[in-house]
Amino acid sequence: MTVSTRKTKLTTALLLAPASLWYLLLLVAPLVIVTIFSFGERAPEGGYAAAFTFEQYLKLPTRSTPFINTLWLASLGTFFCIILAYPLAYYLATRASAQMKSILVALIIVPFWTSFLIRTYAWITILSSRGIPAILERLGLVQDLVLLNTPFAITLGIVYNYLPLMTFPLYVSLERLDKRLLEASKDLGANRWGTFWQVTFPLSAPGLITGSMLVFILLMGEYLIPALLGGGKIFFVGNALVDLFLQSRNWPFGSAVSMALNFIMLVIISLYLWLTSRLGGEGREEVSLF
Amino acid sequence: MTQSVVDFDIEFRNVVKTFGSVRAVNGISFQIPKGSFYSFLGPSGCGKTSSLRLIGGFEQPDGGEIYIAGESVAQIPSYQRHVNMVFQYYALFPHMNVARNVGYGLRQQRPKLLPDEIDKRVKDALALVRLSGYENRRSWELSGGQQQRVALARALINKPTVLLLDEPLAALDRKLRKDMQIELKTLQREVGITFVFVTHDQEEALSMSDRIAVMRDGKIVQEGSPTELYNHPVDRYVAGFIGQSNFIPGEVVEVGERVTVRTPLGVMLSAPGSKDAKPLVEKAKAVVAVRPERIGLWREGEAGGQSGFKGRVSQVTFLGDQTEYHVETEEVGHLLVKLSSGNAGFGGGDSVVAYWNQTAGLALLDD
């Protein structure tokens, strides 16, 4: 081995060291600990007692509700994000003037300069009995309407907070769409509707999938929105974990629930990678997450 | 609709198209005969692409009328016009393979065509452009020339009345461009469809077209067959755009069977006026245009009885079959002369006499 290649290897190692150390300490090590704990037993006073048992995994079905809540409401939230974000991104990318574009983009981004917590607290006030329900009752439209602490409130919080994550990947893929392709489609006899479904929509699929994954994956770990807008009545996996680790101090069972969540994420991400690779060579590099 | 109108596939009557304050197409009228290869030639911004896009329906005229096969198309959107376009960078659908790209137009037809019929016609169209067996390729796996032919097949499969081509060869390298020129012309004869071709390359236009419209600033300066344009340009602009020319400026002193022009140095030049040229009158500013290949060179002292312009060779460029000589003369200034390489033998600095036959030049209005 020559001196120079040795030197390059050393440089590479040095450059990678901080990041590697970070991941080892804060990702790999905790994951190993959680794996070990998930096969352990709860110590009588709480926490972890060494053991090797599948007991925790066998108990998982008792916590199926948070999983179902998470998957169901994350799907619903993602769906509504798509419904709202697609026309918005489409307008931004194809119709809006340069000035309108910057105004709208600012309107989407600016709320993010306020803390997530504060924005969600604001929704508590808006949805509480003194907020929207009070106004609607005053107008004589409804009676005894409850909005806060319902799946509706959680879905609303999800859509409100995650909409930009869906909008921007969609905007990017629609913006990059070659306008001549739309002309070619019309030239070949497709009307607006036909052109949208045969050209625009398939070509925006990478953005749609990326946006959906961004929203969905982050939602799988969501804790605050169900805690605040669901009033502790509708548990997500995140809330269940906090409960298990901090209230019941059942670390091994909490670890098993974490492992189950990790497994579900792994399946979803694999699905995503498979989908994007199937979409073909070009789309993959453009707006891929990984 | 009268019969005479239908002899033309495309007709423009005083068509105007403005973008903001720019008149891209400034009141042009022309007719494109059925089954012809018709080219719009001009520099960028002359309105040639706008004219094509008006035919395709991608732009709406601000004034005037457009007829396709004798019918006004003012109310007809692009997807209902019987014209198809080959776009400049082909605009192939990246999410579809070659077969699905080519069959796109057929899949839009209502009532729906049977899948077997579509498959068969896609196969035929690919055979026409010599791409059989490429059905399952993706567009980015193809070379520029192959993409070009997919775009052609995708347009021709719809059996359009008129095929529009927007600088389709611009993205190809020189050798391939030459091959495609011949291929396009052959294809046009085979399918018998009217081709409307837009280019800024005079060589392309000359080699393929039946008729050419030379455009400038949104107007058609001259329209005619390639030979008409080459031999009888109407003005200095066309003479300079189609092929090369030497221009010797001066003032018209006499208009008769031939036109006599006096240069600022007092040299009298006699040349025919262009057949369709704008009228030359006495005292008008004019140029005498002489094609480089119509000028002959003699070594000084060997000129015999012929009279010519004395000068000195300043530069020699060997082009293979031909050699280009730049000659500086006192009387008529700089001259570009093209001689067949076999007859040549002059070197830089040689003293020569340049001459041309009086009928070789052309007196044109200077603009």
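I count two residues as in contact when heavy atoms lie within 4.5 Å. The model I consulted is predicted.

**Entry: interface of chains A and B**

I looked up the contact between the chains and found that 21 residues of chain B touch 20 residues of chain A. Chain B and chain A bury about 1,900 Å² between them, and 60% of this area is on carbon and sulfur atoms. I then checked which residues of chain B supply the area: Tyr79(B), His95(B) and Tyr104(B) provide 28% of what chain B buries against chain A, more than any other three residues.

I searched the interface for salt bridges, and the rule finds one. I noted a salt bridge between Arg53(B) and Glu183(A), with the closest N and O atoms 2.5 Å apart.

**Entry: helix H2 of chain B**

I turned to helix H2 of chain B, residues 48-56, which is mostly covered, with eight of its nine residues buried. Arg53(B) is one of the buried residues; among the others are Leu52(B), Leu54(B) and Ile55(B). After H2(B) comes Gly57(B), and I recorded its phi as positive, near 90°.

**Entry: helices H9 and H12 of chain A**

I examined helix H9 (residues 192-220) and helix H12 (residues 251-278) of chain A, whose axes come within 11 Å and cross at roughly 175°. Because angles over 145 degrees count as roughly antiparallel, I describe H9(A) and H12(A) as roughly antiparallel to each other. The residues of this contact divide into 12 nonpolar, two polar and no charged. From H9(A) they include Met213(A), Phe216(A) and Ile217(A); from H12(A) they include Leu261(A), Ile268(A) and Tyr272(A).

Definitions and conventions
Residues are numbered from 1 along each chain as its sequence is written. Chains are lettered from A and ligands numbered from 1 in the order in which they are written. This is a predicted model: local features need pLDDT of at least 70, side-chain atom pairs count only at pLDDT 80 or more; totals for chains, interfaces and linings use all residues. Side-chain values use heavy atoms; hydrogens and water are left out. Buried means under 20% relative accessible area, exposed over 50%, partly exposed in between (1.4 Å probe, protein chains only). Helices (H or I, at least four residues) and strands (E, at least two) are DSSP runs, numbered from the N terminus. Axes are lines fitted to C-alpha atoms, for helices over the stretch in contact, and angles run from 0 to 180 degrees between N-to-C directions. Angles under 35 degrees count as roughly parallel, over 145 as roughly antiparallel, 65 to 115 as roughly perpendicular and the rest as oblique. Ala, Val, Leu, Ile, Met, Phe, Trp, Tyr, Cys and Pro count as nonpolar, Asp, Glu, Lys and Arg as charged, and the others, Gly among them, as polar. Buried area is the accessible area (1.4 Å probe) that two parts lose on being put together, summed over both. A salt bridge is a side-chain nitrogen of Lys or Arg within 4 Å of a carboxyl oxygen of Asp or Glu.
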